[in-house]
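Biologist: I would like to go through the labels attached to this structure and hear what stands behind each of them.

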Amino acid sequence: MTTFVLINVTLLAILIATALTISGMRTLYAATMLTALFSLVTACLFVLLDAVDVAFTEAAVGVGISTVLLLGVLSLTRSREAVTPRLRRLPGAVVVLFTGGTLIYASQDLPEFGSPTTPVQTHPLTDVYLRQSQEDIGIPNTVTSVLASYRGLDTLGELVVVFTAGVAVLALLGPLMQPAEAREREVLDLVDYRVLRVVTGMLMPFILLFALYVLFHGDFGPGGGFQAGVIFASGFVLYGLVFGLDRAQQVLPRRVLWVLIAVGPVLYAGVGVANMLLGGAFLDYDTFAPDDAAAGQHIGILLVESAIGVTVAAVMTSIFFGFANRVESSR
Amino acid sequence: MTAHLPVLQVLVPLVCAPFCVLLRSRTAAWLLFLFAALASLTCAVLLAVRVGGDGAQRYEMGGWPAPAGIEFVVGAFNTPVLLVVSAVAVVVAVYSRRSVTSEVDARRVPLLYTCLCLTLAGLLGLTVTGDVFNAFVFLEISSLSTYALVAMGRHRRALLASFRYLVIGTVGATFLLIGIGLAYAVTGTLNMSDLARRVADLGDDGGGNRALYAAVVFVFVGLAVKIAVFPLHAWLPGAYAQAPSAIGAFLSATSTKVAIYVFCRFAFTVFGTTLVFGTMPIDRIGLALACLAMVAGSAVACFQTDLKYLLAWSSIAQIGYILAGISLATTAGVSAGYLHVINHAVLKAALFCAAGLLVLRLGSARFTALAGLGRRMPWTFAAVVIAGLGLVGVPPTAGFASKWALLTALVDQGQWAVVAAVLASSLLAMVYIGRIVEVAWFREPAEPGTGPTASKAPASMVAAIWVLVLASVYFGLDATWPAGLADAAADALLANGGE
Amino acid sequence: MIATHYVYWLLFALMMIGLYVVISHGNMLKKLIGLSLFQVGVFLFFISLGKVDGGSAPIVSEDVETYSHPLPQVLILTAIVVGVATLAVGLALAVRIFESYGTVEEDQVLLRDADDREQDGGAS
């Protein structure tokens with residue numbers, strides 16, 4: 001128990017120290033690298049708090065996607081922050097004091113950390129999600145069953161948020177600004193390094209295979225559509241970085257990406273509509289196999305996880321392409 | 001299929017969005033948005049009829065019973081909001097065809113309609129959901145698509161407006177998330193009805209639970225950002241004025257209104273009237289902020305030199321009226337608030353649509369461009385003035401009906417200071433509407449060369465404007481229908497959700 | 001109190017650092033980084049609500065008795081995704097702002113905006 005507290009406090013202290021350093025740092029490249037570190041430590045903390053799925057996602061998103069995007073933007077803009085005028089600090093300090101004060105005030109009546117008798121733990125929901133779900137859905141990873149079935153609508157919403165982000169980035173950086181001359185130059189010279197080229201070529205199948213494993217293994221262990229999608233995307237990002245954007249976009253043309261972005265929400269909502277047509281409620285997967293509810297749930301969960309995977313991979317890749325195309329055309 | 005109405009209400013616009021991307025044609029995307037708007041209006045009307053007949057409708061997602069799964073709840077308290085949002089969406093859909101083509105790059109148009117579908121779906125979902133975390137998700141869908149829509153404005157200032165809205169909006173949403181987290185820590189549930197039960201179990205004053213008080217504070221501060229309550233309004237003028245005209249019209253009529261509804265839902269049916277307005281001084285804070293908003297918003301509006309900015313600042317003042325009604329926490333006050341939600345949505349949509357027509361024909365809605373054009377564009381300016389008188393609250397316009405209801409409710413409670421603020425704000429509204437009249441009719445055109453372009457005003461846009469203006473006049477002459485909806489909503493909310 | 005609430009306090013400190021960066025820094029990229037820090041603090045707070053002493057990850061198996069609560073984890077999975085989506089849109093906006101204003105410092109952008117306004121006479 002004490003080791004747990006010790007590790008917990010240490011990780012939190014590292015997090016706070018990193019956050020403070022980031023806030024004081026004016027070189028934004030360094031700050032970006034520190035945010036990656038911050039995410040990595042956060043992921044460790046999530047593991048410590050038994051949230052393995054969340055840790056997986058935070059590692060993939062915070063260390064991977066966010067960092068790549070931030071670096072891309074830094075190469076497009078200035079990487080040095082101007083000095084913050086003293087006057088600006090005051091409102092921030094006041095807001096932080098009030099907000100922090102309210103939170104500390106609230107913490108006096110927050111339940112004890114880790115106690116098994118908190119309202120969260122004693123609510124009948126706990127039993128539904130941990131025990132009842134084994135009969136209703138029959139998937140060991142309860143996070144997956146809550147995510148994809150009990151709270152399937154939230155997950156549809158989450159997928160739509162990703163879709164929205166993809167559309168928004170396309171609208172902002174998309175096909176509009178694409179100077180033709182920029183496409184002629186092969187800018188990224190990483191491809192000249194044989195080691196990189198060969199290693200990337202060898203890694204690609206494994207990355208994609210791992211993504212598929214994560215997608216289909218989400219029922220039994222940490223993982224699922226979102227994590228798989230991010231891994232898929234990171235495979236393409238790596239390919240694009242080493243072999244150049246043109247090659248990457250030949251493999252995955254823009255038009256295909258457009259379709260894939262839209263396929264996910266349509267498929268996910270389509271599953272729900274199919275359930276309605278089969279006589280159930282929206283997203284009631286039981287209707288897929290009327291005799292064996294658990295089997296129906298399995299089919300439904302697999303379908304929606306695949307829908308998430310496809311759209312997340314397509315959105316993340318096209319967001320990366322969007323930023324990277326800007327980088328190339330601005331040189 | 002009628003049992004599925006609550007989910008169809010949200011699902012149709014949500015599914016239209018990816019199809020806009022798949023089809024990638026301007027006309028197809030526009031038709032899809034029009035279809036989404038018409039379908040959701042149909043759903044809203046059918047739901048309103050059903051709610052009127054058999055009371056609140058509940059829909060359990062995935063067939064999972066409530067606290068385990070997510071449920072949608074449609075009752076008398078949210079049907080008016082559904083009707084307003086989807087009716088405005090239909091009018092804006094008609095209006096947007098020409099307006100958008102003239103203001104937005106052709107290649108972005110399908111994406112614009114995609115985002116409009118998403119905003120519509122997000123706002124409707126936020127209205128019908130009965131789960132606090134699901135509300136956060138829908139809030140983010142509508143916000144994220146709104147940021148993209150605002151950024152599509154013609155000037156580079158649109159980008160800045162969008163970025164500021166993004167930062168402020170995300171901080172607001174995160175505050176809401178903290179509030180939800182604190183409430184979850186205290187009760188262990190996310191379902192609104194279940195949450196209300198468990199909060200009530202803690203005791204009348206929330207059992208003195210300080211985490212619960214903080215939850216109320218965080219949820220309301222987060223929502224106040226989205227409502228644009230006075231000191232947290234900084235994002236609104238830029239976002240509404242810089243967005244493409246059709247978008248400005250849609251947002252000004254819907255997004256803050258839905259946030260106000262969510263505020264009511266949390267205040268009356270989740271945390272409970274006694275806790276929020278009895279134990280905690282939310283009513284007094286609300287009234288004070290409302291007064292500030294009314295006076296400051298109208299005062300700043302008087303100094304604007306761009307019609308769109310003027311309208312945006314006037315929105316901040318009008319939000320003050322709505323907030324004042326709701327903060328009274330009496331049936332009459334809440335009903336007046338709802339009535340003004342309906343009337344203001346119609347009036348502001350009409351005004352922003354008219355401003356958009358001016359932008360189309362004059363290239364800008366700045367006063368220098370409008371000078372002396374009252375006689376050359378009589379119909380457009382007539383629409384502006386009629387809807388503007390509604391904002392002032394001159395009888396027999398719609399604005400008068402709701403302002404009268406509000407004043408009666410305030411006098412009943414002896415809130416004389418607020419009454420004074422309402423009257424002061426109305427006088428200031430007279431001033432800014434008077435300025436438009438002065439510019440349009442009594443000022444000399446800046447240069448002889450300026451004036452409306454030869455092209456005629458598109459019939460679709462004119463029709464949209466006049467439908468809204470006539471609706472506002474009709475609601476002023478015969479307020480039975482909107483007032484009936486508002487009364488039913490207020491009764492349902494104060495009867496603890498009418499669930 | 002310290003033994004049972006230290007996690008909350010440290011997480012609140014983390015949130016407040018993020019919030020401070022969002023409000024007080026003028027650089028738009030820094031603001032977005034601050035937003036991420038703020039949100040991560042909130043995510044950790046949610047997750048800490050579901051933790052049980054001696055529990056393990058909520059993946060049911062026969063040799064485990066106590067599990068941490070899965071619900072906060074599901075919520076935060078969703079929230080992380082929402083967070084990265086917002087970050088992507090914010091960064092795209094920052095790029096466009098840099099292209100049209102030549103800077104991502106809010107103060108300088110506002111300064112250049114004021115010039116715009118003098119030219120077209122719109123006040124806000």
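Biologist: What makes Glu81(A) and Lys30(C) count as buried?

Modeller: Buried means under 20% relative accessible area, exposed over 50%, and partly exposed in between, with a 1.4 Å probe and protein chains only. Both Glu81(A) and Lys30(C) fall in the buried class. This is a predicted model, in which local features need pLDDT of at least 70 and side-chain atom pairs count only at pLDDT 80 or more, while totals for chains, interfaces and linings use all residues. Residues are numbered from 1 along each chain as its sequence is written, chains are lettered from A and ligands numbered from 1 in the order in which they are written, and side-chain values use heavy atoms, with hydrogens and water left out.

Biologist: Why is the pair Glu81(A) and Lys30(C) called a salt bridge?

Modeller: The term asks for a side-chain nitrogen of Lys or Arg within 4 Å of a carboxyl oxygen of Asp or Glu. The closest N and O atoms of Glu81(A) and Lys30(C) are 2.9 Å apart, so the pair meets the cut-off. By this rule there are 14 salt bridges over all chains. Glu81(A) sits in the loop between H3 and helix H4 (86-107) of chain A and Lys30(C) in helix H2 (residues 28-50) of chain C, so this pair joins two chains. Helices (H or I, at least four residues) and strands (E, at least two) are DSSP runs, numbered from the N terminus.

Biologist: What else is counted between chain A and chain C?

Modeller: Two salt bridges are counted between them. The contact (heavy atoms within 4.5 Å) takes 98 residues from chain A and 78 residues from chain C. The area buried between the two chains is about 7,800 Å², and carbon and sulfur atoms give 75% of that. Buried area is the accessible area (1.4 Å probe) that two parts lose on being put together, summed over both.

Biologist: How do you know that Glu71(B) and Arg58(B) form a salt bridge?

Modeller: Their closest N and O atoms are 2.7 Å apart, and the limit is 4 Å. Glu71(B) lies in strand E2 (residues 71-74) of chain B and Arg58(B) in strand E1 (residues 57-60) of chain B, so the pair ties together parts that are 13 residues apart in sequence.

Biologist: Are Glu71(B) and Arg58(B) buried or partly exposed?

Modeller: Glu71(B) has 2% relative accessibility and therefore counts as buried. Arg58(B), at 40%, is partly exposed.

Biologist: What makes Glu106(C) and Lys31(C) a salt bridge?

Modeller: The closest N and O atoms are 3.7 Å apart, which is within 4 Å. The pair links distant parts of the chain, with Glu106(C) in helix H4 (residues 106-120) of chain C and Lys31(C) in helix H2 of chain C, 75 residues apart. Both Glu106(C) and Lys31(C) are buried.

Biologist: Why is Gln297(A) called buried?

Modeller: Its relative accessible area is 0%, so Gln297(A) is buried. Gln297(A) lies in helix H13 of chain A. Not counting residues up to four places away in sequence, Gln297(A) touches several residues, including Ser149(A), Tyr285(A) and Trp64(B).

Biologist: Why is Leu303(A) called partly exposed?

Modeller: Leu303(A) has 32% relative accessibility, so that is its class. Leu303(A) is placed in helix H13 of chain A.
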